[in-house]
Amino acid sequence: MTTASAPGKIILFGEHAVVSGATALGGAIDLRAKISVRDLPGSVLIKTEDLMLQGFSFDLTTGRLTCAQAAYATRYISAVLKEFDVRDMQVCIESRLPAAAGLGSSASIVVATVAAVSRHQGQCLSLREIAEISYRLEKKVQQGLGSPVDTALATYGGYLQISQDIRPLELPPMKMVVGYTKLPHDTKSEVKKVQELKKRHSDLVDPIFRAIGALSEKAVPLIKEQNIAELGQLMNINHGLLASIGVSSRELEELVYAARGAGGALGAKLTGAGGGGCMIALPGADGIEPLMVSLRQARGIPFKVQTGCEGVRLEGDL
Ligand code: MEV
């Protein structure tokens, strides 16, 4: 058996503005997808061991039970199996990342599957090759949509600064809390909405994007120095700017204000495309627990995370 795992990601600063060339900052998080493959003569089987199961549907006529999360994961895994011309294999997936939440779950599944399958076939791909193949496959499954950021973070881990190119940054890990609204997000429609707004009101949106890009750059030395009080302020400003271009929602606002209020967060903002999906919060002096409680009370699902964690890794050839 060969097992590989890869991390999910959060965008710390700069979402949407990055689409128009401004700088963004992303970090890998320690919620991972794990893929195990083993020989299974005569079939190709994809098994889900432990997913954050959600989105069941039951068809009374056919008696068929479908789990949206499993169906979604298998689409990505099938693309990898096709790419590597896999036969006679069982693939098992375990993931702690909710799907369609903006935490890079599809990228981590693709990257871990590419790593596990290629190694099982005796190939020794470089990280660069894993990132390139994974980006191409993720984009194909998503019908042309997708930036290389998620697959790069799932492959290399750590932090990435994204502008014209993608640059790794040496920064220390940080403890954060992710709050999931339970609403799926739709990157394509949120990006389209913002780009249309920019076309109509470029005199207003361009300076907002410039300010967001400046926040992404200002954040880097603050993370380096662990100046979390100021970092929190920058997160709040970034959230306000994102709300001003229409990508927040009542559900996201409720989590952001719960985190800043009872949760004692030093800063909170939506992460990723917005609309639904997730927000992130930087714990204050009272730590993580009040944040977890306040996000649950605001009807979100909280996850403790550490940013800047390790990229794809083989869990050992057993
Ligand atoms: C989505 O995680 C981040 C966006 O900026 C889109 C992108 O960069 O591809 C909204």
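The model is predicted, with local features needing pLDDT of at least 70 and side-chain atom pairs pLDDT 80 or more, while totals for chains, interfaces and linings use all residues. Residues are numbered from 1 along each chain as its sequence is written, and side-chain values use heavy atoms, without hydrogens and water.

Trainee: Which domains does the domain assignment of the protein give?

Mentor: The bounds come from an automatic or database domain assignment. They are domain 1 (2-170) and domain 2 (175-306).

Trainee: How many residues of domain 2 are in contact with domain 1?

Mentor: Contact means heavy atoms within 4.5 Å. On the side of domain 1, 31 residues take part, and on that of domain 2 the number is 41.

Trainee: Why does the ligand lie between the domains?

Mentor: The residues around the ligand (a heavy atom within 4 Å) include K9 and G272. The ligand lies between the domains because its shell takes residues from both domain 1 and domain 2.

Trainee: What distance separates the centres of domain 1 and domain 2?

Mentor: The centres are taken over C-alpha atoms. The separation is 23 Å.
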